[in-house]
Amino acid sequence: MAETLLGAYKVRKEFPGVLANDDISISLRPGRILALLGENGAGKSTLVNILFGMYRPDDGHVIIKDEVVDLRGPDEAISRGIGMVHQHFQLVPPMRVVENIVLGAEPTRHGLVDLAEARRRVVELSERYGLEIDPDALVEDLPVGMQQRVEILKALYRDADVLILDEPTGVLTPQEADHLLGVLRELTETGLGIVFITHKLREVLAIADDIVVLRNGQVVGETRPSDTDESGLAEMMVGRNVMLQVEKSVSRPGEPVLEVEELEVKDDRGQIALDGLSFEVRAGEILGVAGVEGNGQRELVEAITGLRVPSVGVMKIEGEELTGESPRQITKKGVAHIPEDREKHGVVAIYSLAENTILNRYHRKPFSIRGILRRDVIRLHAQDVVDEFDVRTPSISVPASSLSGGNKQKLIVGREFSDDIKLLIAAQPTRGIDIGAIEFIHRRILEQRDKGAAVLLVSAELDEILGLSDRIAVLYDGKIMDVVDAQDANREKIGLLMAGITD
Amino acid sequence: MRPRQKQLLYAGLTAILILIWIFYSADDLQTTAVLAGTVRAATLLALGAMCGMIGERSGVVNIGIEGQFLLSAFAAFTITSMTGSLFMGTLAGVGMGLIMGWLLAAMAVGLKVDQIIAGTVLNISALGLTSFFYDRSRSLGIGKYTNIDLGPLADLPLVGTVFFSRPPLTYLTMALLVVVHIALFRSVWGMRTRAIGEHPGAADTVGIDVLKLRYFNVTIAGGLAGFGGSYLALEAVGTFSRAMSGGRGFLALAVMIFGRRTPFGAYAAALFFGFTTALQNQFQLNNTFDIPPQFVGMLPFVVTIVVVALSGLFGSMRDPAALGQSYEKG
Amino acid sequence: MSRSVFRIVAIPFMAVVFGVLIGALLIVSQGGSPAEAYKALLVGGLGDSDAVLRTLQKATPLIFGGLAVAFAFKAGMFNIGGQGQLLVGAVFAAGVGFGIDGLPVLIHLPAALIVGAVAGALWGGIAGTLKATTGAHEVIVTIMLNFVAGNLTDWLAANPWKDNSGSNIVARTPLIENSATIPTFGAVPVGFLLAVSVSVACWLVLERTSYGFEVRSVGHNRHAAQYSGMKVGWIMSSTMAVSGMLAGLGGAVESLGVDGRFEAGVNVGLGFEGITIALLARANPLGVVPAALLVGLMEAGAARMQYKSDVAPELIDVIQALILFFVAAPIIIRWLLRMRHDNSEQVQLGAGWGKS
């Protein structure tokens, strides 16, 4: 049996301006789980893309089954037994499960795809590993947990003996995540090796046999769960002491600012995404919305900010009904919105930072007068935002696309926070950014709360919800399962609610 | 297709057949002429639509079908007039289509030029080149493709003339509809093609070379449009004239959308559009109604606008998710 | 500064050079002499004041056509319907021009221009509004509207508005009144000055006003624009209307300043030429003027080129297509010149026929 199933030896990869991987060596042995731990931007994704043949290293080697290989593409990695479950599922939504699983390695008969044979093999595979699935379902109709199962079956169908999983638990409830970890553990018993990429310390300690910590493109530590704990890992990952808990004072909620009654909202496909939702957020409190993604969070945020018109229901801000009003009307009432997808909604990539800071206020005095833009005022304002919100940039005239994720997010937060806010809608405010920026943004959100703003925090990170919220609403299948006080909440309780289980 | 839509489809088909039967009993000659004209006009549109759908199924918009028709028609006409062989001319048309398809692929897939601009380059180039090289004194020499009767089938009333007594390229087009349908929906190639149009990243991660397949598909699809050009010059018209494609490359795109990017759907849509053209010709021939020809001439274009607007409004169509985007690895 | 100007101009300039060089090869392939042909082309377009006037006259509708495409580009839309918008602008401007008499110049001429502009705006606005309300792709709709406009204006010129004087059998309107004719000062037609002012105005609107900011935001990132409270649908409709208005003005100037009437099928290539010009100008309204002058020069000199050296005037269509190819695929030129890559120059439009 091979000593090293999959490994990297002194791998180096540089992108314009970034040294993504610097002299990285790792080794995965059969039947073991290797956790790659690191912050966003630490170089994990680059490393696995190299291991999977998507990128070629500038220097160093990939090792598969004790053999130095030169991967020319993912097909070569696949044929050598490497399977990968990507963070963003690589599935074709309008195609069937069976088609997705066999794509690229289709069984044929008379030159045509033999779907019957494919179906037979998929069923056999799913029975063997206890991963039940409907082979004829369209992938787009499946819940995310099931889609992930399709991804795993896809790898197993190709006789993978190494499985690389990139942040696989982000889309799962805590209980589903635990179940997945169990499945992975069972898979290793057949000799399969697993590379598990994550930034969640708890999971690493729960599942890994070996741990490799990356920071700034380098290996900064190798350890085992028995030799460390959460704070030890966190320190390795960030390079300094980190507060795992956010410091916050007790909230003193005031009058309700946002009132939502019987809200029904349809998604892009015309299905009901929010089913008669009612809740309120009061001044000076943070209401966290927990839930597995895709349970109506996006539609909720869009309905409140005016980007989507609810089919039924009432939405009031400070007592004024604003149901179905335009985003501009709603913004005018003092609503700020940190959008979920910052690349898509938050910034215009080729606009300068200055232009980005006026996206939602260009039409107002003093930024424009009688339709003419005031370029000097805009520049001064942009400089203020950049200074106050610690956006690291050489100048305000560079395009937003030149900023890192964390700095982009700080720019957006700065733009949204430059007025007096009555209601803040923060959707996934810290997704994909470094810990420094996360801490910064968390502090700013708490500041807004303490200044008397009502905050609706929507996040898929349960830790973020538990750390910041004063009350927590759990969204499941378009309904609020329950609203609990933060003091009474814990992972297990919220996790069950996220899975739609009430007692 | 949902059951409701299926019912509607069958109801519509039945209604059409009844209508044809009524008209045929009333005036068999005119009805036959209009339906034969329908099939004639539909052939070119169906070929263009197949060209468009293979591109779009793989994520590449081809707005250059008009130019592909035109330049291929020119090539087919010129070669036939030089060699005296319709067959050689047909091959030349297909070859020119392949070249133009390759050029589109090189721009849109290889160089990542905006796909609509790339198609526009084809259209403008074709217009310029055919005008520049056009030689008024040239003629086809021998006649165009003539009808071939398919044995006793050709003697059937109505359908005999409409479907079974046609020139060869029309038969070939009908065969191509079946071939493309099977290829798109049953073959490995088709499955991969649909995958790269919907989610090229997913295809890439299972080792499908997205760019190569797109290159191949857009080139092959160009061959279909080139075949359409040959049909236009050598079978439908029998000569070449400036800008003779007359917007049918664009109508083909509407036909493709209307037919939901399936060969048979597109053929049904092409028959519908062909019908409006045939009707227009018949009206003009007989002076049946006192409608100025310009207004009759607008009809297919107005219909297209309505169709595109309606299908957008009712969400009955969904573009391949990666349509129009160039693919960047990683 | 000079470096960046060089970087901006290098690609279009080299595209023209390559286009002209390959054109020379075509001339040789037809047995002609490129030097002789190009000399005739230049003399025909610049040789004397008549030639210059011709060039400026040809360039005028081209500026409008280029502006129409460039303006729509800024909102991420492709107006391929310049031709149809030009036709309706031309026919309705001519209608006002010949249909009313006894008005002073100061009223008649502006009225005719405005009617032409409005007709173009409505024609372009159809496509923008359909896109905003139903998601119908503007490329398909504007192409179809070209054919509809062709038929409609053809009918107008052949039936109700036909010139019935003398032995005329052509589909054309009567000559417009003097009071609606755009005058010419020496070798400079007033229409050209109008076109230049309009292109400066377009630039100011796009770069210096909040409306222009909205247009550009929609063009670069429609989702972010919507999130920021911009009315994306309205901006798409209005941009297409402005774009159509520009093309319609071009048609009006053609009728009122060049032809003196509307004739069916006038300037059929304009929609396509507008695309070449807009891309050559890299969608910058100020760049449209020199780009249009270049194309206008070629068109003005084409007749002399044919007369002097027997090269088909369609050669300039081929050269234009080549120029378009090289500006659309700048990577070829960059590779030949070993230039650095610059992302900002690529024009990307939203493709796909339905809602997205």
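**The contact between chains B and C, and its setting**

Reply: In the contact between chain B and chain C, 42 residues of chain B meet 42 residues of chain C. The model is a predicted one. On the side of chain B that touches chain C, three helices each supply at least two residues: helix H5 (115-133), helix H11 (248-258) and helix H13 (293-313) of chain B. H5(B) gives the most to this side, with 13 residues. By class, the side of chain B that touches chain C comprises 28 nonpolar, 11 polar and 3 charged residues.

Chain C also has a contact with chain A. There, 15 residues come from chain C and 22 residues from chain A. Helix H8 (210-220) and helix H9 (222-227) of chain C each supply at least two residues of the side of chain C that touches chain A. With 5 residues, H8(C) gives the most to that side. The side of chain C that touches chain A has 4 nonpolar, 10 polar and 1 charged residues.

In chain B, helix H2 (residues 28-57) and helix H10 (residues 210-237) pack with their axes 7 Å apart, at an angle of about 170°. H2(B) is therefore roughly antiparallel to H10(B), as an angle over 145 degrees is counted in this way. The residues of H2(B) in this contact include B:Arg40, B:Leu44, B:Leu47, B:Met50 and B:Ile54. Among those that they meet in H10(B) are B:Asn217, B:Ile220, B:Leu224, B:Phe227 and B:Tyr231. The contact of H2(B) with H10(B) divides by class into 14 nonpolar, 6 polar and 1 charged residues.

Helix H4 (residues 82-99) and helix H11 (residues 270-280) of chain C have axes that come within 6 Å and cross at roughly 125°. H4(C) is therefore oblique to H11(C). The crossing in which H4(C) passes H11(C) is right-handed. H4(C) contributes C:Gly82, C:Gln83 and C:Leu86 to the contact, while H11(C) contributes C:Leu270, C:Gly271 and C:Gly274. This contact of H4(C) with H11(C) has 2 nonpolar, 4 polar and no charged residues.

Chain A may be described by its domains. The domain assignment gives domain 1 (6-238), domain 2 (254-334 + 421-503) and domain 3 (346-419) of chain A. The centres of domain 1 and domain 2 of chain A, taken over C-alpha atoms, are separated by 32 Å. Between these two domains, 12 residues of domain 1 of chain A are in contact with 14 residues of domain 2 of chain A. Helix H6 (residues 174-188) of chain A accounts for the largest share of the domain 1 side, 3 residues. By class, the side of domain 1 of chain A that touches domain 2 of chain A holds 5 nonpolar, 5 polar and 2 charged residues.

Chain A also contains an open sheet. Its 6 strands follow the order S6-S9-S10-S3-S11-S12 (chain A), with mixed pairing. Strand S6 (82-85) and strand S12 (218-223) of chain A each have a single partner strand and stand at the edges, so one side of each has no neighbour in the sheet. From one strand to the next, the twist averages 20°.

Helix H5 (residues 144-157) of chain A lies across S6 and S9 of chain A and runs at about 170° to S6(A). H6(A), the helix named above for its share of the domain contact, packs on the sheet as well, where H6(A) touches strand S3 (33-38), S9 and strand S10 (193-198) of chain A. The direction of H6(A) makes about 150° with that of S10(A).

Further strands of chain A complete the account. Strand S1 (residues 6-15) and strand S2 (residues 18-28) of chain A run antiparallel and are joined by 7 bridges. In this pair, A:Lys13 has A:Asn21 in S2(A) as its bridge partner. S1(A) and S2(A) form a hairpin with 2 residues between them, and A:Gly17 in the turn has a positive phi of about 85°. S1(A) also pairs with strand S4 (residues 59-64) of chain A in the antiparallel sense, over 5 bridges. A:Ala8 stands opposite A:Val62 in S4(A).

Notes: Residues numbered from 1 in each chain as written. Chains lettered and ligands numbered in written order. Predicted model: local features only at pLDDT ≥ 70, side-chain atom pairs only at ≥ 80, totals over all residues. Domains from an automatic or database assignment. Contact = placed C-beta atoms within 7 Å. Helix = DSSP H or I, 4+ residues; strand = E, 2+ residues; numbered from the N terminus. Nonpolar A, V, L, I, M, F, W, Y, C, P; charged D, E, K, R; others polar. Axes fitted to C-alpha atoms, helices over the stretch in contact; angles between N-to-C directions. Parallel < 35°, antiparallel > 145°, perpendicular 65-115°, else oblique. Left-handed = near helix turned anticlockwise from the far one by under 90°. Pairing = 2+ DSSP bridges.
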